[in-house]
Amino acid sequence: MTERIRISLKDIVNNEERMASGHRLCGGCGEPTVMRMILHAVEGPVVVSTATGCLEVSTTVYPTTAWRLPWIHSAFENAATTISGVEAAYLALKRSGKIPADQDIKFLAVGGDGASYDIGFQWISGALERGHKFVYVCLNNEAYMNTGIQRSGATPLGANTTTSPVGDVLQGKTQWRKPFTRIMAAHDIPYVAQASPHNYRDLMMKAKKAFAADGPAVLNVLAPCPRGWRTESDQTMALTKLAADTCYWPLYEVDRGKTIVNYKPREKQPVSEWLKAQGRFRHLFRPANAGIVEEVQEHIDREWERLLKEEAAG
Amino acid sequence: MVESKFLPLDGATSVSQAMRQINPDVVAAYPITPQTAVVQNFSQYVADGIVNTEFIPVESEHAAMSACVGASAAGGRVMTATAANGLALMWEMLYIAAGMRLPIVLTVVNRALSSPLNIHCDHSDAMGARDSGWIQIYAETGQEAYDNTIQAIRIAEHPDLLLPVMSCQDGFITGHGVERVGILPDSDIKDFVGEYKPRYALLNIDEPVTFGAWDFTDYYFEHKRQQSEVINNSLPIIESVFKEYEKLSGRPQPVLDMWGMDDAEYAIIVLSSTAGTSRAVARRWREKGVKVGVVKPRLYRPFPEQYLLEAIKNCKAVAVLDRAISFGAPLSQGPLFTDTTAALYNAGISGLPVVNYIFGLGGRDILPDHIGSVFSDLQKIASDGQRGTMVRYLGLRE
């Protein structure tokens, strides 16, 4: 998309918070920050469907709700499908005149990485193939944090989780992560992007593009979990910047099939900087595990090179 | 009363005719034998612009019910259809639809559950969902399947209920069987179902609502109790819809369809198409002078306990025919039997011998001779004063 989309801090400050404070997410959790940025980027009414997970349980403890917008949670795996039903009803009710023709409503589905990479993968894929006009956001904290830090398809190699624990034989997760963003882009939908909240302009710009897209769009956003990552709660934003600077989490978009890398660090930092900042990788710095760190670096280098090639290919 | 136009239709097609007339806002469905005709026909109506419905051709039955939940919460009138493993795959979402009080109407063309794989009729699919909080109606014929589908909309959306409704018919036997089905005029059905006015809707952006909140130990129990309260008290409302439709169509719409029960000494209780076979046999036995009768509950959830007791209380012996097994229940009896005997116990009736017959699993034919053997057994039980084996099987090689 070549149109200039403006992000004005002044406007953001004056906008109503549609996800209210008082929710019960942990201090330092990346999720509410990302959600608020995205909601500030959407203009006009939006209906939100949320998968089971931290965001859901922490924002809707009955009889309270943090949502100043129409919101639904139905199950773990089906946030995308639930919103596709809402969008279908919107089209039908507009056609029958029950919703005014000039009423524009936007649709947002949100899930964690477990809901997106694993249990809800088919549901998302189906909704994208059917072409519903909605935005899917993966709030990616790289494990099942709501159930107590279990490995998911998004958990990277070597991470210590409660189902990929460090033991006498195994040293954390033994597999790399699923290339979710690439797989989403392979659906040939109008817009897919990977983002991080430390660069709020980039994230909000991407959210605006996603909502403006002529069809489904997906955002995969890194959202640190101090509990699961074993980090201090005041390090959240710094960590997401480190993820971009090490190319562990490249900021890029696939806009109508064209790949654009939005941030290229002047000096790509070694992944060990990213790993050593987090307790979940602490064991990787034992001398015997040096090979795992190397392997992580290899994965990252390969993914980064592939991404640059994709961009160059146009 | 309005005149019906009679057409030769199979049971699945008669349901899609009803869906065409209802013209719901959203249909989300996935094909599965023997329900496929419902989805196919309806897709054609969409392709031909005969309905205004937004059709969502989902990638699984779980997704079908998920999309229905979204569409219904959004404020639309929503329908779907499935069978067997498809219904099993929806299981999680059935409870969610009922818990959220979403008036979704689901047609089930009953089929056996795997494994082993079998595509033919039994009731194991819908019986597995009997505790999910859905109202369940069972049809004997394609005609009833058509009629029930229309009434299901009014029942589900009744402002005092807001409960999803499962409208069942027998796979292949009526689902694929062509019969003479009376279709009411489109305009009368349009008037009968009326307009759905949701109390809460996601698309009512001026009044934002949170659906599906997290319910902790301090509220969940009360919410479940409310759910049982509403279904416990739903019978009069369901009956009022039945009566209204009876007036419109001229076709009787009882909670229990009864034949010969005014003075029956021996009765069969059975759901769906087998009631027809049972009545045909019962007529012959009546000609022989034996006072037999047949009770066919149209409504299974809520269980019409009082009506059933009233119907059978003066019998000498009763047989409950189940097209499903409740594995691990006492002697692995069938669910209809369990409910019937529980109703008798609740009413303090202990002297009436009731036996259970499991039949027709995986589409095994149920023949007039089988029904005849049941009446013979009931006579013997009454004359011996001994119930004998509690759970028996019809048409089974052992």
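This is a predicted model: local features need pLDDT of at least 70, side-chain atom pairs count only at pLDDT 80 or more; totals for chains, interfaces and linings use all residues.
User: Of the contacts in chain B with a separation of 6 or more, what share comes from residues 24 or more positions apart?
Analyst: Chain B has 13 helices and 16 strands, and 55% of its 398 residues count as buried. Among contacts with a separation of 6 or more, the share from residues 24 or more positions apart is 79%.

User: In what order do the seven strands of the open sheet in chain B stand?
Analyst: The pairing in this sheet is mixed. E3 and E13 (299–301) of chain B each have a single partner strand, so they stand at the edges, and one side of each has no neighbour in the sheet. On average, neighbouring strands are turned by 20 degrees against each other, direction ignored. The order in chain B is E3-E2-E4-E5-E7-E6-E13.

User: Which residue of E3(B) is the bridge partner of B:Val26?
Analyst: Strand E2 (residues 26–29) of chain B runs parallel to E3(B), and four bridges join them. With helix H2 (residues 36–47) of chain B, E2(B) and E3(B) make a right-handed β-α-β unit. The partner of B:Val26 in E3(B) is B:Glu54.

User: Which residues make up the uncovered face of strand E3 (residues 54–57) of chain B?
Analyst: The covered face of E3(B) holds B:Glu54 and B:Ile56. Helix H4 (residues 79–95) of chain A lies across E2 and E3 of chain B, at about 155 degrees to E3(B). The uncovered face of E3(B) consists of B:Phe55 and B:Pro57.

User: Which element gives the most residues to the side of chain B that touches chain A?
Analyst: In chain B, 38 residues are in contact with 39 residues of chain A. The elements giving two or more residues to this side are E2, E3, helix H3 (61–74), helix H4 (84–99) and strand E9 (210–211) of chain B. By residue class, the side divides into 23 nonpolar, 10 polar and five charged. The most, 10 residues, come from H3(B).

User: Which residue of E9(B) is the bridge partner of A:Ile72?
Analyst: Strand E2 (residues 71–72) of chain A and E9(B) pair in the parallel sense, with two bridges. The partner of A:Ile72 in E9(B) is B:Phe211.

User: Which residue of E7(B) is the bridge partner of B:Thr107?
Analyst: Strand E5 (residues 105–110) and strand E7 (residues 165–170) of chain B pair in the parallel sense, over six bridges. In E7(B), the partner of B:Thr107 is B:Ser167.

User: Is B:Gln169 buried or exposed?
Analyst: B:Gln169 sits in strand E7 of chain B. Beyond its neighbours within four places in sequence, its contacts include B:Gly11, B:Val109, B:Asn110 and B:Ser272. The cut-off for a buried residue is 20 or more other C-beta atoms within 10 Å. B:Gln169 has 33, so the class is buried.

User: What is omega of the cis peptide bond that joins B:Arg301 and B:Pro302?
Analyst: Most peptide bonds are trans. Another cis bond of chain B joins B:Ser114 and B:Ser115, with omega about -5 degrees, and B:Ser115 is in the loop between E5 and helix H5 (124–128) of chain B. B:Pro302 belongs to the loop between E13 and helix H11 (305–312) of chain B. For the bond between B:Arg301 and B:Pro302, omega is about 0 degrees.

User: Does B:Leu331, with its positive phi, count as buried or partly exposed?
Analyst: Most residues other than glycine have a negative phi. Phi of B:Leu331 is near 55 degrees, and this residue lies in the loop between strand E14 (317–322) and helix H12 (335–346) of chain B. B:Leu331 has 14 C-beta neighbours inside 10 Å, so B:Leu331 counts as partly exposed.

User: What is phi of A:Ile149?
Analyst: A:Ile149 lies in the loop between strand E4 (135–140) and helix H7 (180–185) of chain A. With 24 C-beta neighbours inside 10 Å, A:Ile149 counts as buried. Its phi is positive, near 65 degrees.

Terms used: Residues are numbered from 1 along each chain as its sequence is written. Chains are lettered from A and ligands numbered from 1 in the order in which they are written. A residue is buried if 20 or more other C-beta atoms lie within 10 Å of its own, exposed if 12 or fewer, and partly exposed in between; C-beta atoms are placed from the backbone. Two residues are in contact if their C-beta atoms, placed from the backbone, lie within 7 Å. Two strands pair if DSSP finds at least two bridges between them. A crossover is right-handed if, with the strands pointing away from the viewer, the path from the first strand over the helix to the second runs clockwise. Axes are lines fitted to C-alpha atoms, for helices over the stretch in contact, and angles run from 0 to 180 degrees between N-to-C directions. Ala, Val, Leu, Ile, Met, Phe, Trp, Tyr, Cys and Pro count as nonpolar, Asp, Glu, Lys and Arg as charged, and the others, Gly among them, as polar.
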